[in-house]
Amino acid sequence: MDRQSFVSNGAAKYNGAGGPNDAHAAPAQAGLADWFSTPQGRHVLAWELEQFASATEDVFGFRALQAGLPGIDFLAGNRIPFHFTVAIESGAALAADPLQLPLAGQSVDLVVLPHALEFSADPNLLLREAERVLMPEGQLVISGFNPLSLWRLRQAAMRERSRAAAGAPWDGRFIGLLRLKEWLRLLGFELNGGRFGCYAPPFSSPKWLQRFEFMEKAGARWWPIMGGTYVVRAVKRVHGMRLITPAWRRERARRRAVAAVSHRNGSARQNHE
């Protein structure tokens, strides 16, 4: 198993603070989009886009949904023909609150949530909405900041007022992987891939980020669960489903079963005589 993976049955190729309220959820996501244009943000974004491409390239279907960050295409590596974004921010294909998706149940094959949970007023409701619109066996891909990391250490060292002034990502609510796994399990999801990354300290200077580039390989080997960010993939399981076969197949199976029983009864009668 890939040492960076935290899912024992993950595919070999892809193994790889106070929350905001309703009024600040959309601005926080917009602030995160601005942060992704900084050297620190570009460092994270480059790694995450690579992981989203790996996580979604083998997902097929008809519709793929990205919730939030409409200015960045996290579905670029996916081959589903119809991609669309849902967000309150401008630029989204569908202007709507991801907490109340205007979509029919079981109508989407792939949902991606790039840092949507950390800046949502109700991350549990957001996950429930994702589960509602996903088809059975549909895929869900989530990225988040890891609270067991140097990034969370920097956030913890900041006062609440400083976090608010600094903006995204420091004013978000970092969600641990164990908690996220429990939320997904309760909704019937099963993790089938994931990876940690961005082990270098959260420097703002590109020069210092480059100097600590060695920590990416070292961290993946020696402290794999302490990356600054993670990307996980989960599949929606629907228990109790069964394949509905055509009526003529069921009739043929019934006749065969009756014939087999009659044959066994006749053999038993001959042996008895």
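Two strands pair if DSSP finds at least two bridges between them. Helices (H or I, at least four residues) and strands (E, at least two) are DSSP runs, numbered from the N terminus.

**Before starting.** I am reading a predicted model, where local features need pLDDT of at least 70 and side-chain atom pairs count only at pLDDT 80 or more, while totals for chains, interfaces and linings use all residues. Residues are numbered from 1 along each chain as its sequence is written, and side-chain values use heavy atoms, with hydrogens and water left out.

**Entry one: strand E5.** I looked up who pairs with E5. Strand E7 (residues 229–236) pairs with E5 in the antiparallel sense over seven bridges, and there I found Phe145 opposite Thr229. Strand E4 (residues 108–114) joins E5 in the parallel sense, over six bridges, with Leu110 opposite Gln139.

**Entry two: Asn78.** Next I visited the loop between strand E1 (63–67) and strand E2 (82–87), where Asn78 sits. Asn78 is buried too, at a relative accessible area of 6%. What does its side chain meet? A polar atom of the Asn78 side chain lies 2.6 Å from the backbone oxygen of Thr56, and one lies 2.9 Å from the backbone nitrogen of Ile80. Leaving aside residues up to four places away in sequence, I noted that Asn78 touches (heavy atoms within 4.5 Å) Thr56, Val59, Ala64, His83 and Leu110.

Note on methods
Buried means under 20% relative accessible area, exposed over 50%, partly exposed in between (1.4 Å probe, protein chains only). A polar contact is a pair of N or O atoms within 3.5 Å; within protein, one must be able to donate a hydrogen and the other to accept it, and residues adjacent in sequence count only if both atoms are side-chain atoms.
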